[in-house]
Amino acid sequence: MTLNYIWIGFVLIAFVVALCKLLFLGDTEVFTQVVLSTFDSAKLGFEISIGLTGLLSLWLGLMKIGEKAGLVQRFARLVYPVFGKLFPELPKDHPATGSIFMNFSANLLGLDNAATPIGLRAMQELQALNPKKDTASNSMIMFLCINASGLTIVPITIMMYRAQFHAANPSDVFLPILLTTFLSTLVAILSVCIMQKINLLQRALLFFFGGMLLFIGGLMTLFHLMPQEQISLYSTLFANVLLFTIICGFIFSGLRKKLNVYDTFIEGAKEGFRTAVKIIPYLVAIFVAIGVFRASGAMVFLIDGVRAGVSAAGWDASFVEALPTILMKPLSGSSSRGMMLDAMRTYGADSFVGRLSCVVQGSVDTVFYIVAVYFGSVSIKNTRYMIPCALLADLAGAVAAVVMTYLFFSHSV
């Protein structure tokens, strides 16, 4: 029901704001812009779904090979000591555990094109275990909240964008993004564990979080010692080598099991095509609501209100110019990316606003896009407490992004 009220709220707020602009400001174009945005947003939702079709067919085809070859089950056994605590409903060696692990791994490396199809496969496997087919299970909520927290270690695309805008050091946002995304992911896990009454003091979880801290510390040290101009190059190279190694590994595992690899791939690819078609209505619905909210001017009023409040309190309002990216990130990845690029173009890639926009873009994820795509793929209507927990993680990430940017780049202009 949460998504129902949010969707209605976006549309009604847009109508009220547009009506006020017409009656009190004499803006006779506002309703035209709102209506045009519904057409553009519906088209965008369809185009994104079609764009996902090829990726879904590719990765679900590979996942089918891995599943029949037993590779996904081996991943499941590998991570079960930790995942069994965070996902207590999952049976041991269930393929969903392996799919979740692979999705998280792809996200950590910034491989969005691989992460989404694998994640949708995980949702289908979780749905098979779900006793209430229209209601999100506990495992689904934990999985999607961690996804929505912006789980990333190597923000390859952010560094590439910064290089395109001639940043003096495109990788200087790496450490702030790493710290911010770790905090937002931790908040996501903690909030869901509290809701699901999962004991966080279990030995496996304590070792896991301790290991993550050590890993992040080691990665920070490595990047500190590495020449700055090589960080983006080596990160991209490592991610792409790993990605193609995974593809070849799936095919090789199929050969070892003496599968008809091609036919198995086609079987999975057909599932990918059906999934892409299934999520079209959900994407169209959420993009239309977001589109009218922006076109009505509601977003501008919100940002202006925050700016006035911050200034009245006597606080530094430098971060306010990055609010478009911060506020759009939970709603639309493409829109927030556009806001980030606009911030770098307007203020400079090495400005405080430009860097803050990059840290936010690389640290948190698009909650409502994830809800529409992942829940839509398995026809979940009741999302329970997933959206509040995910938005809490995004809020933590946004606040941390502002704090980290002040700590690292307060001298930027």
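The legends below describe close-up views of a predicted model.

**View 1. A nonpolar surface patch built mainly around helix 1.** Phe15, Val16, Leu19, Leu22, Leu23, Phe24, Leu25 and Phe301 together make a nonpolar surface patch of about 820 Å². Helix 1, which spans residues 2-25, gives the most to this patch, with 7 residues, while Phe301 is found in helix 13, residues 298-312. Phe301 has a relative accessible area of 43% and is therefore partly exposed, and Phe15, at 46% relative accessibility, likewise counts as partly exposed.

**View 2. A positive surface patch that includes Arg74.** The patch is formed by Arg74, Arg77, Arg256 and Lys257. Arg74 lies in helix 3, which covers residues 71-86, and with a relative accessibility of 38% Arg74 counts as partly exposed.

**View 3. The aromatic pair of Phe15 and Phe31.** The structure holds 9 aromatic pairs. In one of them, the ring centres of Phe15 and Phe31 are 6.0 Å apart and the ring planes stand at 65°, so the pair is edge-to-face. Phe15 in helix 1 and Phe31 in helix 2 (residues 30-69) are 16 residues apart, and the pair links distant parts of the chain. Phe31 is partly exposed, its relative accessible area being 27%.

**View 4. The aromatic pair of Phe143 and Tyr374.** Here the ring centres lie 6.1 Å apart and the planes meet at 75°, so the pair of Phe143 and Tyr374 is edge-to-face. Because Phe143 lies in helix 6 (residues 138-148) and Tyr374 in helix 17 (residues 367-377), the pair ties together parts that are 231 residues apart in sequence. Phe143 counts as buried at 0% relative accessibility, and Tyr374 is buried with a relative accessible area of 3%. Both rings belong to one aromatic cluster, formed by Phe83, Phe87, Phe104, Phe143 and Tyr374.

**View 5. The covered helix 17 and the residue that comes after this helix.** Helix 17 is mostly covered, with 11 of its 11 residues buried; among them are Val367, Phe368, Tyr369 and Ile370. Helix 17 is followed by Ser379, whose phi is positive, near 60°.

View 6. A search of the whole structure finds 11 salt bridges. Lys43 forms one of these with Glu47, and the closest N and O atoms of the two are 3.9 Å apart. Lys43 counts as exposed at 52% relative accessibility, whereas Glu47, with a relative accessible area of 40%, is partly exposed. The side chains of Arg121 and Glu125 meet in a salt bridge of 3.3 Å, N to O, and both Arg121 and Glu125 are buried. Salt bridges also link Arg121 and Glu125 in a network with Lys64, Lys68, Glu267 and Glu271.

**View 7. A buried salt bridge between Asp172 and Arg162.** The closest N and O atoms of Asp172 and Arg162 are 3.1 Å apart in this salt bridge. Asp172 lies in the loop between helix 7 (156-164) and helix 8 (174-196) and Arg162 in helix 7, so the pair ties together parts that are 10 residues apart in sequence. Asp172 and Arg162 are both buried.

How values were computed. Residues are numbered from 1 along each chain as its sequence is written. This is a predicted model: local features need pLDDT of at least 70, side-chain atom pairs count only at pLDDT 80 or more; totals for chains, interfaces and linings use all residues. Side-chain values use heavy atoms; hydrogens and water are left out. Patches are made of residues with over 30% relative accessible area and no salt bridge: like charges are joined within 9 Å, nonpolar side chains (Val, Leu, Ile, Met, Phe, Trp, Tyr) within 5 Å. Accessible areas come from the Shrake-Rupley method with a 1.4 Å probe; for residues, only the protein chains shown count as cover. A salt bridge is a side-chain nitrogen of Lys or Arg within 4 Å of a carboxyl oxygen of Asp or Glu. Helices (H or I, at least four residues) and strands (E, at least two) are DSSP runs, numbered from the N terminus. Buried means under 20% relative accessible area, exposed over 50%, partly exposed in between (1.4 Å probe, protein chains only). Lys and Arg count as positive and Asp and Glu as negative; His and the chain ends are not counted. The place of a charge is taken as NZ of Lys, CZ of Arg, CG of Asp or CD of Glu. Rings of Phe, Tyr and Trp (its six-membered ring) pair if their centres lie within 6.5 Å; planes under 30 degrees apart count as stacked, over 60 as edge-to-face and the rest as tilted.
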